Every structure is written in structure tokens, then in C-alpha cells.
Amino acid sequence: MAEFCKNIKLQLNQSRLIQDFINVNGSSLAEVCRAIETEDKYSEPMVVIGYYITVASIICLYAIMLDLSYDLRYNKFWFPSKYFSLNAASITIIAVAIKLPMDLSTPMPGVEDQVAKLGGLGFMCVMMCNFMPSLASMDNKSLFANVTGLSILVITLIVNVGIQIKTQVIFNEHPFMTIACIYMGMLLFLLIILISSAITIPTTKRVLELKYQGIMNDQNPQENLLFTSLENLKQHMRKYWIMAKTGSPQFVEASTPLSSASGIICAVSMVMHISLLWQLWPTRSSRKKTNPVYKQSTSQISMIQIVGVVMGSIAPISRCFTVLSFNSFANRNRKHFSVFKVENHWTQKLCEWKENPLSFFSIEMDHLHNLKNYILLTCIGFQKVIVVSCKIIELIPVAVIIFAINCFKSLKAMLFTPPTASGSDHDTNDDLSNYVLLLEDDVPLTKYPVKRILASLNRLIEKAEKKQHNNLLKLLERSVSFEGVTTFDIDQIQSILPVEPFNSWSLPIISLACTAFIIPNIDKAAVDNLLDSVHEGLFLTHVVEEGLNKASEYVNIQRATVTLWYEVKNKCKWLETTLKTSAYVGKTATEIIQLFTYKAEEVLNEFNTSSNEEQMEKEKFPPEVIAANSMYRITQAS
């Protein structure tokens, strides 16, 4: 454009006939050219911003594909969110990825520009559907913060798109304005669904926890300790595996009508965007060429987000149909079609807020209390409307599933003779169905999800059998009892610390292994085998400790154990003290153990003299102090 202005000025100067025009209007023409040059200068960074949007879109697409591949690989048929979840980082990246539909003022007159804007809206719908299950894995504080951040982003997006329709930045003609309005409605409805789910999640977790406790209280405590055979142990694993899977908050969240409705909206978004491209593709050669502000990055953004819309729709749509098939729709249970019934857990949290009094005093307390009740009553009614609406939308895949199952059964009856089910399998499934954690007791799961859950466990067992810990098995075969650790790690040893730190299974094992490594006159091959055996055993003990000791006070000792074992295995050191036998030549086993006792005492005494009262809390002990205390207990008992 700047070159064009120079050419205009040159031609005017060369013409004597329009010299007067230059004298009269030359100043205004120069101002126009300067304005155009300034605009070109300020639009240069838009190309970089376009690439920035491209990278953000690729990151979102990559995270969605990671979730999809992970879920398919590990047979997680409810498609939980592991990598693409709602948090501060993902909200920031999403805000960059949808920069095009957010842009209020940048002129984008080309059809390809308009498609890129609408593609950003479709991509946003798909992303909201994908990270919906991740809401269930958050605590209440994170849930509130993340949903609030997403709400601000989505509402801003909807308002900006409305402004662009009004100012005709988005073409005020079919199909662009129509599709933009539909996307605005879908984004708003998805946001309402997400907020409605977030309100229900705390109650859902509490109900699942009560049901789990009820099942555990009904169990005979002695049965949990009796493993008379391998098959008995496997059956015990199946029970807990089913409780763990069906009690997963993401599994329950994916099974709700709200999740199914979001999957249908995602499908509509994908079909609508593909139909837009199908409409515009035949006219691509006849369209007027434009020079977009974002240059070639516009087409790159559009292409990536189109792929994101298509690939990102797989998980929500599959989740919708797969989870619906778990319930008794195939048997046409009428309870599933009572869409106007709203269960208590949908509104229980709102009812609790309504019953709770205000936490401050005021002269107008009654008016504020009445206002609060009125607002929450409105929210409760609105929550019921959303749940009923989602249940009605859910009937669409229900009808498809019933039709597909009936067709399948008819073909199967015509072509195959149904096999006779064995009595043992039937009894086993009936027994295990009692361990399924259900949010609604009157809507039981079919045998299909139980079979798939058990199939995933069987594959895990087969995989474990192929990767057996051979060194650990050999060590256990040579062992005559399991009393070794308890013999040396005893509570009768008086601690140097004023407060005894928390103990664990792994830490005494590492301390005992260190003393075994440095005892003289032991074959090096035997020491190496012991190192490998302990390494394999610690992997299992860490799994048990993380499951049993989830409280925050145990986190510090678990980190100290991991740090200590890394130093022992990779550096052959214990708190910077070498474990190489060459450093202890000429010393007896008693002398070597005494050296480690002195080293442990030195670390503990130094900590006692240099620490304050706050550092003396057992959950705040440094890793070296925890390791030294364990070594002191072991060496004193030797």
C-alpha cells in the first residue's frame, strides 16, 4: 500500500494538467497515504500473533489426542480427561487459541477469514466437551476457581461475537451470521451445563464415599485376610477393582445426562462446521482474493482447528453412546424415560446453601436472608430445568442405541445359535455386581460395563505376569520369614529427636540394604542382586504406601524415601557417605555399622541445635533428618 501511494504521487507530479489538484488536495492525499503506511506498520505484528494462535491450537489438539489415545490404549471406555483438563494453564492456552473470534476490530473481509472465525467457535465447543469429566477430579476450591475463570472467558467470547455480528465484522448474511448465532447459543448452554455439573460434584463424591463405606462395613474383616488360593486372591482384586472404577468421580460424571447432552452438542457442532465447509468448498475458485491481516497463518489456524473439531468430537460422542449402553436402555426400562424426574443429588448442594444462615449480622438481616433464599430458589428451579433439558436431549442417542441393539439381536438370532452361559460365570458376575457403586440405586448397570472392567483387570494381570520381578522373587524364595525388618526397626530405641518422625515400610528397607552393601567379604554379584531385588520391592511398597498413606503428613517421608534411594542406587552414597566397600577395607562389620551410627547421630544432633519449634513438627522434617533417624534406629538395634 505504501508503494501504491508513492506511485500516485509520482504520476500527479508528472502531469501539468492536474497540478492545481495537487495544490488544493495534495495535503489531504498525503495524510491518507501516511495513514495507510501507519496502518501497514501496525499490522505487521499480526502475522506473529497468527503463528502464536497456531501454536496454541496445536497444543490444545495435541492434548486432546493424547487423552484419546491413552483412553483407547487402556480401555477407558468412559473417556476421562488426563492431559486436557480444566486448569489455569489450559484456560490461558485456550484464550490464545480462540483469538480470532475474540478479535473485535481487525478487518477480516475474506470468506476464508470468516470460516476461521467460526472454526474458533466450533473448536471452543469441542474443547469444553472434552474437559468436562476433569471437573470431577478437582477439590472444591480448584473447582470454583477454574469454573469461574472459564465462565469469564466464555461470556467474553459470546459478547465479542455478538458485537462483531452487530458491527458486521462477521458477515451479516447466511450462513455466517446464522452459524455464529447457533454457536453462541451452544457455548452458553455448554457453560450452563458445566456450572450445573460443578454444583453437583461435591454431593456426588459424598454419596459415593458413603456407598463405599457401606459396602466395606458389610464385609467380614476376616475375609480380607484369607487368601487360600490364587483364584481367591484374584476374586478379591476383582471386587476392589470394580469399586475403584465405578466409584471414580470421572466415571460417574461421564455417566450423567449432562455429559450425554454435551456429547450431542459436540456432534451438532462438528456436523455444522463440516456442512459450512461443504457449502463453501465448490465456490473457492470463484471467490475474490483478499489480503488477510494474519497472512498465511489464517489458513493454518483454520486447518488445525478443523482437525481439532473433528478429532476432538470422537471422545465426547463415544462417551455419550458408550456410557448410555451401560444402563438398561437395551431392556427398555421405563425409569430411564421418566425425564421429568430430578433426583435429589442434583439440587442437594443448593438446598444446603439455602438452609445455611448468613455468616454475618446486619440490621437488614431478614431482607438479606429472604433475598438469598429467593436467589437460591431460582437457582434450584433453573438447575431442575437444565437437568430435564439434558435428559430430553439424551433421548436422541437412546433411540439410536435401542434401534441398533434390536437390529443386532435380530441378525444374531437369525445367523447364530446363542451359547449357553455357564453357571459359574453367571454367579461370579452376580456376586461382583454387588460391588458396583451406583449414584442411583434404581438404575442398575448392565453386565456389559462389568465385563469390560473385568477385562481391563485381566489384561493388567497378564501384563504383570509377563513383567515379573525375577530378582525379588528369587530373594523371597531364599527367605524363611518376613521378620527381618521388624527385628531391626523397633520402637524401643530411644530417638535423639524430641519428636519421633513418621515411619514407613520403605525407609527401614533402604537403611538395612545400605548396611548390607558395605559388610565386608560378601560377593559383589550377591550385592548387585540384592540391590536389584530391593529396587523391585520398593516399587511395590511405594504403590501400597501411596494408597494407604494419602494424608499430607506422609507426603514428606515418601519424598525423603525416593530421594534417599536415588542417592543410594545411582551415586552409591548414603547422605554423602560412600557405600563402596573399597572405602572400608580392614574394618569389621561392627566398626562399619558404628561409623554409620556416628554419622546419623551427627546429623540428628546438628538438627536439634539449629532448628526452631516450627521445624520440629514431624511432617516438616528435612529428608536427611528422616533418613538419619531411620539409620540410627537400625544400627542401634543391630
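Predicted model: local features only at pLDDT ≥ 70, side-chain atom pairs only at ≥ 80, totals over all residues.
**View 1. F77 and W78 form an edge-to-face aromatic pair.** The centres of the F77 and W78 rings lie 5.2 Å from each other, and their planes make an angle of 80°. Are these two residues buried or exposed? Both F77 and W78 are buried.

**View 2. W574 and F596 form a tilted aromatic pair.** Here the distance from centre to centre is 5.7 Å, with 55° between the ring planes. This pair links distant parts of the chain, since its members are 22 residues apart. W574 sits in strand β1 (residues 573-574), while F596 belongs to helix α23 (residues 589-610). Both W574 and F596 are buried.

**View 3. Y70, Y74 and Y83 make up a ring cluster.** Look for the three tyrosines, which ring pairs join into a cluster.

**View 4. The largest nonpolar core brings together 64 residues.** Good places to start looking are M124, M127, M128, F131 and L187, the residues with the most contacts inside this core. Several helices supply at least two core residues each, including α3 (45-73), α6 (111-130), α7 (140-166) and α15 (365-415). Which helix gives the largest share? That is α8, with 13 residues.

**View 5. F131 has contacts with residues from elsewhere in the sequence.** Setting aside neighbours within four places in sequence, F131 touches S81, F84, S85, L86, I94, L150 and L194. F131 is also one of the residues with the most contacts inside the largest nonpolar core.

**View 6. Another nonpolar core, of 34 residues, lies apart from the largest one.**

**View 7. Helices α21 and α22 pack against each other at an angle of about 170°.** Helix α21 covers residues 524-548 and helix α22 covers residues 555-571, and their axes are 12 Å apart. Angles over 145 degrees count as roughly antiparallel, so α21 and α22 fall into that class. From α21, the residues L531, V534, H535, L538, H542, E545 and E546 meet Q558, T561, V562, W565 and K569 of α22. What classes of residue does this contact contain? There are 5 nonpolar, 4 polar and 3 charged residues where α21 meets α22.

Methods
Residues numbered from 1 in each chain as written. Heavy atoms only, no water. Core = buried A, V, L, I, M, F, W, Y, C linked by side-chain atoms within 4.5 Å. Buried < 20%, exposed > 50% of the residue type's maximum accessible area, 1.4 Å probe, protein only. Helix = DSSP H or I, 4+ residues; strand = E, 2+ residues; numbered from the N terminus. Contact = heavy atoms within 4.5 Å. Axes fitted to C-alpha atoms, helices over the stretch in contact; angles between N-to-C directions. Parallel < 35°, antiparallel > 145°, perpendicular 65-115°, else oblique. Nonpolar A, V, L, I, M, F, W, Y, C, P; charged D, E, K, R; others polar. Phe/Tyr/Trp six-rings, centres within 6.5 Å; stacked < 30°, edge-to-face > 60°.
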